[in-house]
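Trainee: I would like to work through a metal site and a helix in this protein. May we take them in turn?

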Amino acid sequence: MQKLHKLFRPNATAQNRPIDATQLKNSAGGYVWEIDPWQRLDRFLTLGTESGSYYASEQTLTVENAENVMQLLNDEGVRVLERVTELSTQGRAYKNDPALFVLALAFTVSDVETRTAAQKALPLVARTGTHLFTFMEYVNSMRGWGRGLRRAVANWYDRKDLPDLSYQVSKYAQRNGWTHRDALRLAHPKTTDVQRDALYRYITGQADKLAEVQADFADYLNAVEAVKAETKVKTVAETIRRYNLPREVLPTEMLMHAEVWEALFERMPMTAMIRNLATMTRVGLLTSMSEVATTVAERLTDKERLRKARVHPIQILAALMTYARGQGAKGKGTWLPVQRVVDALDEAFYLSFETVVPTNKRIMLALDVSSSMTWGQVAGVPGLSPRVASAALALVTAASEPRHLFTAFSHQFLPLTISPRQRLDDVIKLMDDMPFGATDCALPMQYALEERLELDAFVILTDSETWFGKQHPVQALNDYRQRMGIFAKLVVVGMLGNRFSIADPKDAGMLDVIGFSTDTPSILADFIRDENRH
Ligand code: CA
């Protein structure tokens, strides 16, 4: 017998050939689909392009995304700005830079409505002095300082109340080559308010103008000026308590004292607390038996507090990875991590996502661990490769779904035993040690069929750079659906800011979601639960 059946199988097209005309070639030479331009915008805003990908440089990825954004801005500019504002203000993305970049691009569009929407969005998307300076640096490279742009920056200052503006001006004095003085000189905001006028003059270098007004903000700024020259630790701590000074305004040598950190800690914002855990441990304030450790753990595991402060899970993950190591990146010293804090960070990670209502469905969580997934950094966080990030993200679904199964694949199927009961830093280490390989995104479905596993959904976390297999993932899924008699769904969690997906947009049982948005696990669960998606 000629083994013809071994040479041809229906419903099996090699991944390096398209199955229909709607597919396009990915960077690895396999055929997949292109996600919708709005989905691309979301991926860019959420994942960014920092450090590029295995296949494309940071610049190439950025240019591709910027071209997509420009197209959308020209078609439906106002909608783009609504989306940017929504994602940014809700804190769905870890980094605000892509949102500020899109905003700067919007200022280059000639459409009046789009420009007006961009001017309105500026104070909402650029909430801090750092955000404003990042925006100014982006927009400065794209166009000249016309009237509309100057007015938008002036409006940023005019809209802030005086205490908030004083705080911004002292905390973020300069970033990315810009100072508030530069910004005010360009924007020239005009005011008839005596107090505001004094503050603007103070910013542009006339510090003596503050003496002419009597207001809390002036007292605050006078305290900021005074503390710069203060040498007594006790006085610095008292001034911090009295005026709620941020760390940024203190002389560097003061930041070596536990007493100073104790004063800062009392009203420290959540994101600052998370960022300074190592420092507070190093200076001896945060120790195993300390009350501070109890307060830190309480604050970290308070879901409401996390939500209000818009703490992003990636910030917690990054803090956990660094803090648990007990050693800074470059010459930042060592510390003895406090166990309670490490555990609280672990718990905080799960709490920082939007609440997930469990589906109780049978879900395979399949992680692409191929070589391309080891490249680069998700949202620019050192050590957070797409494959490490995908494991952390999948654990959130696993924590809420009792009937889950973890698997991993490259060009071969790999066993993966991780669990939300394990600490995240252990899981990260385990992921780092997984073998490399080529990519075949059809393997999870093929394996499930071979093993006759009854599943309601496949969740595949990948960059969709599949190319190795002899069958397309969608064909494998359809085989599975037919032969098992289960209409299993497919959720593709895009872990990279590219434009590819293995999900067929024509199939209502397939969905693309963005890796590492705070709402990723809840969107994923809603889709799997929805009985009408067939
Ligand atoms: Ca790959």
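The questions below concern a predicted model.

Trainee: Which protein atoms are the donors of the calcium ion?

Mentor: The donors lie 2.2 to 2.3 Å from the ion. Along the chain they follow the spacing S-x1-S-x66-T. They are Ser370 (OG), Ser372 (OG) and Thr439 (OG1).

Trainee: How many residues apart are Ser370 and Thr439?

Mentor: Ser370 lies in the loop between strand E5 (363–368) and helix H20 (386–400). Thr439 lies in the loop between helix H21 (424–432) and helix H22 (443–450). The pair thus links distant parts of the chain, and the separation is 69 residues.

Trainee: Is Thr439 buried or exposed?

Mentor: Buried means under 20% relative accessible area. Thr439 has 2% relative accessibility, and Ser370 has 0% and counts as buried. Because its value is under that cut-off, Thr439 is likewise classed as buried.

Trainee: What distance does helix H23 reach from its first C-alpha to its last?

Mentor: H23 covers residues 473–484, which is 12 residues. At 1.5 Å a residue, 16 Å is expected. The helix comes close to that expectation, reaching 16 Å.

Trainee: Why is H23 described as largely enclosed by the rest of the structure?

Mentor: The buried residues of H23 include Val474, Leu477, Tyr480 and Met484. They pack against strand E2 (31–34), H22, strand E8 (457–462), strand E9 (489–494) and strand E11 (510–514). H23 is largely enclosed because the number of its 12 residues that are buried is nine.

Technical notes:
Residues are numbered from 1 along each chain as its sequence is written. This is a predicted model: local features need pLDDT of at least 70, side-chain atom pairs count only at pLDDT 80 or more; totals for chains, interfaces and linings use all residues. Side-chain values use heavy atoms; hydrogens and water are left out. Donors are N, O and S atoms within 2.8 Å of the metal (3.2 Å for Na, K and Ca); water is not among the atoms, so sites may look incomplete. Helices (H or I, at least four residues) and strands (E, at least two) are DSSP runs, numbered from the N terminus. Buried means under 20% relative accessible area, exposed over 50%, partly exposed in between (1.4 Å probe, protein chains only). The expected span of a helix is 1.5 Å times one less than its number of residues. Contact means heavy atoms within 4.5 Å.
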